[in-house]
Amino acid sequence: MLVFIDESGDPGLRIEAGASRSFTVGLVVFENEADAHACDQRITALRRELGWSEKAEFHFRRNSDRIRETFLRAVAPQPFFYYGVVIQKDAAGIWREAFKEKEAFYHYVCGLVLESAKETLRDAIVVIDRSGGWDFRRRLSAQLKRKSNISGSLIKKVKMQDSKSNNLLQLVDYVASVINRAATGEKNGALLRRIIAHREISVQKWPKKNPPDLSL
């Protein structure tokens, strides 16, 4: 089982200083390597169809609306499923009270999405993007490994790879971004989510009345 994790928005909690009002972590699951390979090949083929360089990256934030819809329609038939957790950071002020550092907050949200997928995950190889703060991601990797020791056979291995050269990390970037955009009512969010809605297992919006202690 292969799992890919990425986020949309930022984990900063000082909204008045420019942090995003929402933060989303997405998790994409492939049951086996054959399914992951099939999706990887489809994304590679799409790059050729668009006349792009082999090294061009599908990145939701930088791509146009046309490319976003084209990408999602290309991957929609592929055998993956996804989970997500959306945090409304300005609701009730509970996040600022509970978390003093964005790293702890990030780990907490990863814990929520892993908890939502725990009935599915078994001996999963988890892949996260190594770009954007090496030390931050290294500590996240260590926390996920520690989580696997607590949760039995949930996670087998955690790997860090570069999204620029990994089609499936580019896929989860899209998934997390679509979840976030749909949940916050941003432009085209509902339309884009409908394209891959049949791949959705669970998307949760927080806070709820009594969020559990799922710190990693």
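Student: What should I know before I start?

Tutor: Residues are numbered from 1 along each chain as its sequence is written, and side-chain values use heavy atoms, leaving out hydrogens and water. As this is a predicted model, local features need pLDDT of at least 70 and side-chain atom pairs count only at pLDDT 80 or more, while totals for chains, interfaces and linings use all residues.

Student: How do I read "buried", and is asparagine 180 buried or exposed?

Tutor: Buried means under 20% relative accessible area, exposed over 50%, and partly exposed in between, using a 1.4 Å probe and protein chains only. Of the 216 residues in the protein, 52% are buried. Asparagine 180 lies in helix α6 (residues 167-183) and counts as buried because its relative accessibility is 6%.

Student: Which side chain does asparagine 180 make a polar contact with?

Tutor: A polar contact is a pair of N or O atoms within 3.5 Å; within protein, one must be able to donate a hydrogen and the other to accept it, and residues adjacent in sequence count only if both atoms are side-chain atoms. Here the partner is the side chain of threonine 24, at 2.7 Å.

Student: What is a nonpolar core, and which residues have the most contacts inside the largest one?

Tutor: It is a set of buried Ala, Val, Leu, Ile, Met, Phe, Trp, Tyr and Cys residues joined through side-chain atoms within 4.5 Å. The largest has 33 residues, and Phe30, Phe71 and Leu171 have the most contacts inside it. Helix α6 gives the largest share of this core, nine residues. Apart from this core lies another, of 31 residues, among them Phe23, Leu27, Leu154 and Trp206.

Student: How many disulfides does a search find?

Tutor: A disulfide is a pair of cysteine sulfur atoms within 2.5 Å. The search of the whole structure finds zero.

Conventions
Helix = DSSP H or I, 4+ residues; strand = E, 2+ residues; numbered from the N terminus.
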